[in-house]
Amino acid sequence: MNSQKIFEVATDIIPGGVNSPVRAFGAVGGTPQFIDRAQGAYLWDADNRRYIDYVGSWGPMILGHGDPKVLLALQAQLGKGISFGAPTELEVELAELLCQKLPYLEMVRLVNSGTEAVMSAIRAARGFTGRAKIIKFAGCYHGHSDGLLVAAGSGAATLGVPNSAGVTPAQVADTVVANFNDIDGTRQLIQDLNTDLAAVIVEPLAGNMGLVEPQSGFLEMLREETQKRGAVLIFDEVMSGFRVSAGGYQKTCGITPDLVTLGKIIGGGLPVGAYGGRKEIMQQVAPSGPVYQAGTLSGNPLAVTAGLTTLNQLDEALYQRLESLGQRLETGLRQILEEKQIPAQLHRVGSMWTLFFSATPITDYATAAQSDTARFGKYFHAMLERGIYLPPSQFESAFISTAHTEEDIDQTINAAKEALSDM
Ligand code: PMP
């Protein structure tokens, strides 16, 4: 059991044995697999067991692992240099490509992670408006910067209370929590904050409480109310950007934010984040404006190369292929749930999906949190034993890549049939 042995060493010298908490299997129990290598839709662990991968490095690997074009481009770039700390044409190419794919982007800045993108977008929004308050939604995750680590509020919108040790009440005093899909409550909150409100930040397609779609009218209301009050609407598309369509979820929902944050797919598996949007806001960012934001490795040539080579392969046919694979998986899973009379909610948008173990519809964090997480843990391990690698928490989205085949999907459905019989 190599994974077990490595984990034992790791827990002594790395907090929890991992470099990002969900990887530790805390929500499902057991020892995490340490991954040795990956190719296409598959991962191999340190014990040489193969898994069909539905985590995809938490979203970036939309083309599957080891895409030949990405590897070739990276090899070519390696020969030219790894990091310069000076501007490169590659960064301009990536910025141009992003602006072309998301036509409402007038200016964009590259950073190294989703966390940085969001933290910087909020700073830019505050700098632009000269206001302090932000609204975020319970169950939406925007990275681990202090001001966004705020308790997923109870029923009513609440003033921010930190939900991480080390975050002070002062650091979250300007963060107000609302409920996803609560049209009337959020409208009231925006009206109450009025000209104190700098920004509303939302995952327009929520993926961090499990996959939850916005209800009709919710994003429209956010757009209308922020516009009326001169507040900045930020779509956090770190996860949804380029996952569900070539234009991000913005294209699907038809609502245009003032700023967007991106990550994951735009780095093709290497660390890239980005934030951008209206020129008048982005021009506030240093060195053209007074909002400071910087990064030693920002726009790193290797990372940008992986991102460019990934994004350049995302055409309509690719999203159709992902939709067809997603549809096949959904049909198979729904049949099993019905046959076995399992109380569950299967959410899917294109290649993103979550199976919630809950009898009641899920529209926000409060309803997602009612899911039977013990049952999810059993299902997760039963799938893992059958070679299917799912995100190790009920409150995550799973991802299909273009490297998955119909056979992989059918094998997954067969595994689910057995796994769900055991429960
Ligand atoms: N925003 C969203 C919507 C995310 O899903 C994530 C990461 N899952 C982040 C921000 C933070 O990104 P990172 O982990 O790259 O810092």
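These legends describe close-up views of a predicted model. Residue numbers start from 1 along each chain as its sequence is written, and side-chain values use heavy atoms, with hydrogens and water left out. In this predicted model, local features need pLDDT of at least 70 and side-chain atom pairs count only at pLDDT 80 or more, while totals for chains, interfaces and linings use all residues.

**View 1. The residues around the ligand.** Ser113, Gly114, Thr115, Tyr141, His142 and Gly143 are among the residues that surround the ligand. Glu203, Asn208, Asp236, Val238, Met239 and Lys264 also belong to this shell. The shell has six polar, three nonpolar and three charged residues. Nonpolar means Ala, Val, Leu, Ile, Met, Phe, Trp, Tyr, Cys and Pro; charged means Asp, Glu, Lys and Arg; the others, Gly among them, count as polar.

**View 2. Polar atoms at the ligand.** A polar backbone atom of Gly114 is 2.9 Å from a ligand oxygen atom. An N or O atom in the Asn208 side chain is 2.9 Å from an oxygen atom of the ligand. Lys264 places a polar side-chain atom 2.9 Å from a ligand nitrogen atom. On its own the ligand has 390 Å² of accessible area (Shrake-Rupley method, 1.4 Å probe). The protein covers 81% of that area.

**View 3. The interface of domain 1 and domain 2.** Domain 1 spans 3-67 + 315-421, and domain 2 spans 68-311 (bounds from an automatic or database domain assignment). Their C-alpha centres lie 25 Å apart. In contact (heavy atoms within 4.5 Å) are 29 residues of domain 1 and 30 residues of domain 2. The two domains bury about 2,400 Å² between them, 62% of it on carbon and sulfur atoms. Buried area is the accessible area (1.4 Å probe) lost on putting two parts together, summed over both.

Notes
Near = heavy atom within 4 Å. Polar contact = N/O pair within 3.5 Å; in protein donor to acceptor, adjacent residues only side chain to side chain.
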